[in-house]
Amino acid sequence: MDIIIVTDLDGTLLDANDFTFDAIHKDIINLIENGIEFIPVSSKTRMEMMSFCSELGVKTPFIYENGAGFSINAEASNKTDIIVGMAVDELVEIWNKVIPDELKASCEFLSNQSLDDCSAILGLSGEPLRLALERSYTALFTFNGNETALAALYHHAESAGLRLQKGGRVFCLSGMHNKASFIEFLRQQNDRQPKKLIIAFGDASNDIPMLNAADIACIIPSPSGSQLPPEVITTTKITASQPAPMGWIESAEAALALASDIGDVNYG
């Protein structure tokens, strides 16, 4: 049985405050060198994911913009990617048609905000900020309404075939895809290969579909100690005792031990 790790980045593998992972860099490389397929899955843009892979030092496949696209070969152009997302222009056109003006008044897309404001919201600056704002299939926005207005916003968006997902800092508008969009594709690719066991890692609500689609879900707590409620995860789960990045490798080791108990695992 082969193992595939699919993992969120910010707050899961990357430190929630400074987005670093130096402390577990060698551990990740060791996993990959021992035959584990490693696929980062994020709301980040394609260019941000390529930057992460460059920092990691491995040209690994990745899934970007909340499951809008899957880059199987990071060295190739985006023309080889598998795309299930809707272009930003089309998203915004539908949004403007279906969302009532009183709800739109509570939303402000980052594309309409100053770079200074975007920097303050995302905690990024310079080149990382530029890469984060270059979106093809998702649009980020802030929301300043109440819970009733938010529920209405979700209703209008979903009725029009749009999806809203709450990340750590902003809301994300997209087509009807999420971080689990390519899980079954990964599981079923090349039927002649051994069965795939998927271990997923996440820390936030927009990771829940991916965690539940996996065989083993690893939940990473925030620096404050808060975490996803265990009851929202319906598959076998492991909860780390510490935040990213050390909580990531802690739960990875526990998940690999559990995977060995599940069946014959091709690892190491």
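Reply: Ser119 sits in helix H5, which covers residues 115-122; helices (H or I, at least four residues) and strands (E, at least two) are DSSP runs, numbered from the N terminus. The model is a predicted one, in which local features need pLDDT of at least 70 and side-chain atom pairs count only at pLDDT 80 or more, while totals for chains, interfaces and linings use all residues. Residues are numbered from 1 along each chain as its sequence is written, and side-chain values use heavy atoms, with hydrogens and water left out.

With a relative accessible area of 22%, Ser119 is partly exposed, a class that lies between buried (under 20% relative accessible area) and exposed (over 50%), for a 1.4 Å probe and protein chains only. Not counting residues up to four places away in sequence, Ser119 touches Leu124, Ser125 and Leu129, where contact means heavy atoms within 4.5 Å. Leu129 is 10 residues from Ser119 along the chain, and the C-alpha atoms of the two are separated by 6.7 Å.

The sheet is the next element to consider. Its 5 strands form an open sheet in the order S2-S1-S10-S11-S12, with parallel pairing; two strands pair if DSSP finds at least two bridges between them. Strand S2 (37-40) and strand S12 (236-239) stand at the edges with a single partner strand each, so one side of each has no neighbour in the sheet. From one strand to the next, the twist averages 20°.

In S10, the residue Lys196 counts as buried at 9% relative accessibility. Leaving aside its neighbours within four places in sequence, Lys196 is in contact with Met1, Asp2, Ile4, Leu186, Arg187, Gln189 and Asp215.

H10 also meets another helix. Two packed helices are described by the angle between their axes and the distance between the axes. The axes of helix H1 (residues 25-33) and H10 come within 10 Å and cross at roughly 30°, which makes H1 roughly parallel to H10, since angles under 35 degrees count as roughly parallel, over 145 as roughly antiparallel, 65 to 115 as roughly perpendicular and the rest as oblique. The crossing of H1 past H10 is left-handed, meaning that the near helix is turned anticlockwise from the far one by less than a right angle, whereas clockwise would be right-handed. At this contact, Asp27, Ile28 and Leu31 in H1 meet Trp248, Ile249 and Leu256 in H10. By class, the contact has 5 nonpolar, no polar and 1 charged residues, where Ala, Val, Leu, Ile, Met, Phe, Trp, Tyr, Cys and Pro count as nonpolar, Asp, Glu, Lys and Arg as charged, and the others, Gly among them, as polar.

The loops deserve a look as well. Most residues other than glycine have a negative phi, and most peptide bonds are trans. A cis peptide bond, with omega about 0°, joins Ala244 and Pro245, and Pro245 is found in the loop between S12 and H10. Phe19, in the loop between S1 and H1, is not a glycine but has a positive phi of about 60°, and at 18% relative accessibility Phe19 counts as buried. Glu65, in the loop between strand S3 (62-64) and strand S4 (69-71), has a positive phi of about 50° although it is not a glycine, and Glu65 is buried at 1% relative accessibility. Glu65 is also among the contacts of His177, including Asn66, Tyr137 and Arg163, once neighbours of His177 within four places in sequence are left aside. His177 itself has its place in the loop between strand S9 (171-174) and helix H8 (183-188) and is buried, with a relative accessible area of 2%.

Note on methods:
Axes are lines fitted to C-alpha atoms, for helices over the stretch in contact, and angles run from 0 to 180 degrees between N-to-C directions.
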